[in-house]
Amino acid sequence: MSVGLEHYLTVSVLLFGLGLLGVILRRSLILMYMSLELMLNAANLALVAFSRYNNHVDGQVMVFFIITVAAAEVAVGLALLVALYRRAQTTHADDLTSMKL
């Protein structure tokens, strides 16, 4: 049995769906953040699969940029989460009702 494009896309859709459910259902900012990363990685998997099966490197180059943006997002996002935690002593979205300092 060979692994085809549809297998990669199925896994990508499942990962993206899990990430989307995590963002919608979870109230912890850290879990929401991790779910966003899961969604980015699902998109990366789909891009690499399309790139591989179409014999173009465009998708792989796009994945490189997405990984770069995701690394910057991690640095900024974690800094914001740490700052929010220091101020409010919680990371639950329901408890953070105000963005006022």
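Visitor: How many helices and how many strands does the protein have?
Guide: This is a predicted model. From the N terminus on, its elements run α-α-α. The count is 3 helices and 0 strands.

Visitor: Is the protein a compact globule or more spread out?
Guide: The C-alpha atoms fill a box of roughly 55 × 25 × 15 Å along the principal axes. The globule rule gives 13 Å for 101 residues. The radius of gyration is 17 Å, well over that value, so the protein is more spread out than a compact globule.

Visitor: What percentage of the residues count as buried?
Guide: The cut-off for buried is under 20% relative accessible area. The accessible surface comes to about 7300 Å². Carbon and sulfur atoms hold 70% of that surface. Of the 101 residues, the buried share is 25%.

Visitor: Are α2 and α3 roughly parallel or roughly antiparallel?
Guide: Helix α2 covers residues 29–54, and helix α3 covers residues 58–88. Their axes lie 9 Å apart, at an angle of about 175 degrees. Angles over 145 degrees count as roughly antiparallel. The two helices are therefore roughly antiparallel.

Visitor: How many nonpolar residues does the contact of α2 with α3 have?
Guide: The helices pack with their axes 9 Å apart. By class, their contact has 3 charged residues and 5 polar ones. The nonpolar count is 17.

Visitor: Is Ala42 buried or exposed, and which residues does Ala42 contact beyond its neighbours within four places in sequence?
Guide: Ala42 is found in helix α2. Its relative accessible area is 0%, so Ala42 is buried. Leaving aside neighbours within four places, its contacts are Ser12, Leu15 and Phe16.

Visitor: Which residues does Ser35 contact, leaving aside its neighbours within four places in sequence?
Guide: Ser35 also lies in helix α2. At 10% relative accessibility, Ser35 counts as buried. Beyond its sequence neighbours, Ser35 is in contact with Gly19, Gly22 and Val23.

Visitor: What is the phi of Asn55, and is the residue buried or exposed?
Guide: Asn55 lies in the loop between α2 and α3. Phi is positive here, in a residue other than glycine. That phi is near 55 degrees. With a relative accessible area of 66%, Asn55 is exposed.

Visitor: Where is Gln89, and what is its phi?
Guide: Gln89 is found in the segment after α3. At 53% relative accessibility, Gln89 counts as exposed. Gln89 is not a glycine, yet its phi is positive, at about 60 degrees.

Visitor: Which residues is Tyr85 in contact with, leaving aside its neighbours within four places in sequence?
Guide: Tyr85 is found in helix α3. At 40% relative accessibility, Tyr85 counts as partly exposed. Beyond its sequence neighbours, Tyr85 is in contact with Thr90 and Thr91.

Visitor: What is the C-alpha to C-alpha distance between Tyr85 and Leu96?
Guide: Tyr85 belongs to helix α3. In sequence, Tyr85 and Leu96 are 11 residues apart. In space, C-alpha to C-alpha, the distance is 9.8 Å.

Note on methods:
Residues numbered from 1 in each chain as written. Predicted model: local features only at pLDDT ≥ 70, side-chain atom pairs only at ≥ 80, totals over all residues. Heavy atoms only, no water. Helix = DSSP H or I, 4+ residues; strand = E, 2+ residues; numbered from the N terminus. Buried < 20%, exposed > 50% of the residue type's maximum accessible area, 1.4 Å probe, protein only. Contact = heavy atoms within 4.5 Å. Axes fitted to C-alpha atoms, helices over the stretch in contact; angles between N-to-C directions. Parallel < 35°, antiparallel > 145°, perpendicular 65-115°, else oblique. Nonpolar A, V, L, I, M, F, W, Y, C, P; charged D, E, K, R; others polar. Rg over C-alpha atoms; globule rule 2.2 N^0.38 Å. Areas by Shrake-Rupley, 256 points an atom, 1.4 Å probe, with all protein chains shown as cover.
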